[in-house]
Amino acid sequence: MDEPPLEGRAALSRPFRAAAAARYDRRGTATEVQGMDDKVRELAERLLSRGYDDLPAREQKVLRRIAARTAIASNFNERYDQQLSFGERVADRVAAFGGSWSFIIIFSVVIVLWVIANAWLMTRPADPYPFVFLNLILSMLAAIQAPVIMMSQNRQAAKDRLEAAHDYEVNLKAELEILSLHEKVDDIRVRQLEDICLRLEAKMDSLTRG
């Protein structure tokens with residue numbers, strides 16, 4: 001039986017080589033994932049004295065970041081502001097302006113001018129005393145402004161909760177990293193002391209034999 005030419009055999013072997021390479025990559029990836037999981041579980045037992053599965057999701061996230069040696073701190077305000085909708089941005093602007101001295105001064109000046117114009121300057125005032133139309137405008141403004149300000153306050157409260165959670169993750173990671181560094185320093189110190197003791201024992205042996 002004639003063998004296929006060299007080019008044909010190479011073409012036939014390419015799919016097998018590709019399949020073998022894919023299996024090797026999958027095996028390597030699975031091994032890396034398994035190694036990472038073992039490292040994370042070892043960190044949980046060593047640093048937190050608890051099982052990995054017993055930890056909340058936030059602590060598990062911090063341990064995974066420590067094992068992968070990746071940063072967890074980020075610009076939270078910038079990321080959060082990028083997710084705001086148009087209505088939330090408008091509510092923040094209204095709340096910021098409504099709670100400023102500029103709004104108080106402008107609003108006071110408008111009310112005083114309205115009262116002066118309708119009480120003394122106009123011969124036929126558009127809104128005579130007791131200024132019913134002005135009261136209607138003020139009531140409508142308060143009815144619209146109050147829910148908008150409450151929307152902004154609720155969003156700010158939610159942002160504060162998320163920012164507190166992010167700060168907790170950063171602080172926890174820093175604390176665990178410091179504990180890990182303390183363990184490494186203590187281990188180095190113990191090894192140095194053992195080495196010094198061995199040298200002293202060797203010198204004592206040489207002195208006694210001499």
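Trainee: Is R58 buried, partly exposed or exposed?

Mentor: Partly exposed, at 36% relative accessibility. Keep in mind that this is a predicted model.

Trainee: Which residue does R58 form a salt bridge with?

Mentor: E169. The closest N and O atoms are 3.9 Å apart.

Trainee: What parts does that pair tie together?

Mentor: R58 lies in helix α2 and E169 in helix α6, so the bridge joins parts 111 residues apart in sequence.

Trainee: And E169, buried or exposed?

Mentor: Buried, because its relative accessible area is 9% and the cut-off for buried is under 20%.

Trainee: Which residues are linked with that pair in a network?

Mentor: K61 joins in. R58, K61 and E169 form a network of salt bridges.

Trainee: How many salt bridges in total?

Mentor: Seven, by the distance rule used here. One of them pairs R41 with D53, with the closest N and O atoms 3.4 Å apart.

Trainee: Where do R41 and D53 lie?

Mentor: R41 is in helix α1, residues 6–47. D53 is in the loop between α1 and α2, so the pair ties together parts 12 residues apart in sequence.

Trainee: How accessible are R41 and D53?

Mentor: R41 is partly exposed, at 37% relative accessible area. D53 is exposed, at 58%.

Trainee: What does D187 pair with?

Mentor: R191. Their closest N and O atoms are 3.2 Å apart. Both residues lie in helix α6, four residues apart, which is about one turn of the helix.

Trainee: Switching to packing. At what angle do α5 and α6 pack?

Mentor: About 160 degrees, with the axes 11 Å apart. Helix α5 covers residues 101–121 and helix α6 covers 132–209. The angle is over 145 degrees, so α5 counts as roughly antiparallel to α6.

Trainee: Left-handed or right-handed crossing?

Mentor: Right-handed, as α5 passes α6.

Trainee: Which residues make the contact?

Mentor: From α5: F103, F107, I111, W114 and V115. From α6: F133, L134, L138, L141 and Q145.

Trainee: How many of those are nonpolar, polar or charged?

Mentor: Nine are nonpolar and one is polar. The contact of α5 with α6 has no charged residues.

Definitions and conventions: Residues numbered from 1 in each chain as written. Predicted model: local features only at pLDDT ≥ 70, side-chain atom pairs only at ≥ 80, totals over all residues. Heavy atoms only, no water. Axes fitted to C-alpha atoms, helices over the stretch in contact; angles between N-to-C directions. Helix = DSSP H or I, 4+ residues; strand = E, 2+ residues; numbered from the N terminus. Parallel < 35°, antiparallel > 145°, perpendicular 65-115°, else oblique. Left-handed = near helix turned anticlockwise from the far one by under 90°. Contact = heavy atoms within 4.5 Å. Nonpolar A, V, L, I, M, F, W, Y, C, P; charged D, E, K, R; others polar. Salt bridge = Lys/Arg side-chain N within 4 Å of Asp/Glu carboxyl O. Buried < 20%, exposed > 50% of the residue type's maximum accessible area, 1.4 Å probe, protein only.
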